[in-house]
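User: I have a model open on my screen and would like a close look at one part of it. Please start with the overall layout and then zoom in.

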Amino acid sequence: VLENVVAEPKDVAELVGLLSEGNYYARCDIIDYIVKIHPRLGNELVAELTKALGNGVIAQNAIHCLRDIGPAAAPAVPALMEFFKSASIDLRQAAVIAIGSIGPPAAVATDALVALLSAPEESIRLQAIQSLGEIGPASRNALDVLKRMMQEERERLGKEDPDNPTSELLHALEQAIGQIK
């Protein structure tokens, strides 16, 4: 059925509008289809998904599409960064993950991701660390902060459990620093 929805680039808005339809599984199918046809529709699809970020009903689904499109979704980075300020932890986390999936073309988000390293939610901090790593060497200006965080985490863990100084946060920091170098 979805194969017949988009025959022309002019139908992209209709397809993106379907992100608010049906149950969870139907929306997942729509996301998968959007990602599958992205190479054919390119920038028009990314532009329509970026516009959809302003629609509270489908914003999270649009974020998931942009995440799955990856580096080609780079034009959406500024709009995704707006979600870093959202009251919704789910939207913030989805946007941070999408930025990481975009990778090096999302380097403009480095400073905003560094700011998220002090978020009260550990899940947001972890995702920000991972996204900085996925951006890679283009996020080099985050290295000092990540190294400082790693040292602080090692000290904290050494006090809590000197025989087993490891944590998910420490692992993410080590991995991100390795990816950035």
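Which pattern does the protein follow, read along the sequence? Then the close look: at what angle do α2 and α3 pack, and which residues of α2 and α3 make the contact?

Analyst: A word on the model comes before the answer. It is predicted, with local features needing pLDDT of at least 70 and side-chain atom pairs counting only at pLDDT 80 or more, while totals for chains, interfaces and linings use all residues. Residues are numbered from 1 along each chain as its sequence is written, and side-chain values use heavy atoms, with hydrogens and water left out.

Now the layout. Read along the sequence, the pattern is α-α-α-α-α-α-α-α-α. That is nine helices and zero strands. Both are DSSP runs, numbered from the N terminus: helices are H or I with at least four residues, strands are E with at least two. Along the principal axes, the C-alpha atoms fill a box of roughly 60 × 30 × 25 Å. Of the 181 residues, 46% count as buried. Buried means under 20% relative accessible area, exposed means over 50%, and partly exposed lies in between (1.4 Å probe, protein chains only). Contact means heavy atoms within 4.5 Å. Among contacts between residues at least 6 apart in sequence, 62% join residues at least 24 apart.

Next, the part you asked about. α2 and α3 pack at an angle of about 85°, with their axes 8 Å apart. Axes are lines fitted to C-alpha atoms, for helices over the stretch in contact, and angles run from 0 to 180 degrees between N-to-C directions. The two helices are therefore roughly perpendicular. The angle classes are: under 35 degrees roughly parallel, over 145 roughly antiparallel, 65 to 115 roughly perpendicular, and the rest oblique. From α2, the contact uses Arg27, Ile31, Ile34, Val35, His38, Leu45, Val46, Leu49 and Ala52. From α3 come Ala59, Asn61, Ala62, His64, Cys65, Leu66, Asp68 and Ile69. By class, that is twelve nonpolar, three polar and two charged residues. Here Ala, Val, Leu, Ile, Met, Phe, Trp, Tyr, Cys and Pro count as nonpolar, Asp, Glu, Lys and Arg as charged, and the others, Gly among them, as polar.

Ala62 sits in α3, which spans residues 59-69. Its relative accessibility is 0%, so Ala62 counts as buried. Beyond its neighbours within four places in sequence, Ala62 is in contact with Leu19, Leu49, Ala52 and Leu53. Ile37 is 25 residues from Ala62 in sequence and 15 Å from it in space, C-alpha to C-alpha. Cys65 also belongs to α3. Cys65 is buried, at a relative accessible area of 0%.

Setting aside neighbours within four places, Leu113 is in contact with Phe84, Val96, Ile99, Ala128, Ser131, Leu132 and Ile135.

For contrast, look at another helix pair. The axes of α5 (residues 89-102) and α7 (residues 122-135) come within 8 Å and cross at roughly 15°. α5 and α7 are therefore roughly parallel. On the α5 side, the contact includes Arg92, Val96 and Ile99; on the α7 side, it includes Ile124, Ala128 and Ser131. Its residues divide into seven nonpolar, six polar and two charged. Arg92 is in α5. With 10% relative accessibility, Arg92 counts as buried. Leaving out neighbours within four places, Arg92 is in contact with Phe83, Phe84, Lys85, Ser86, Ala87, Glu121 and Ile124.
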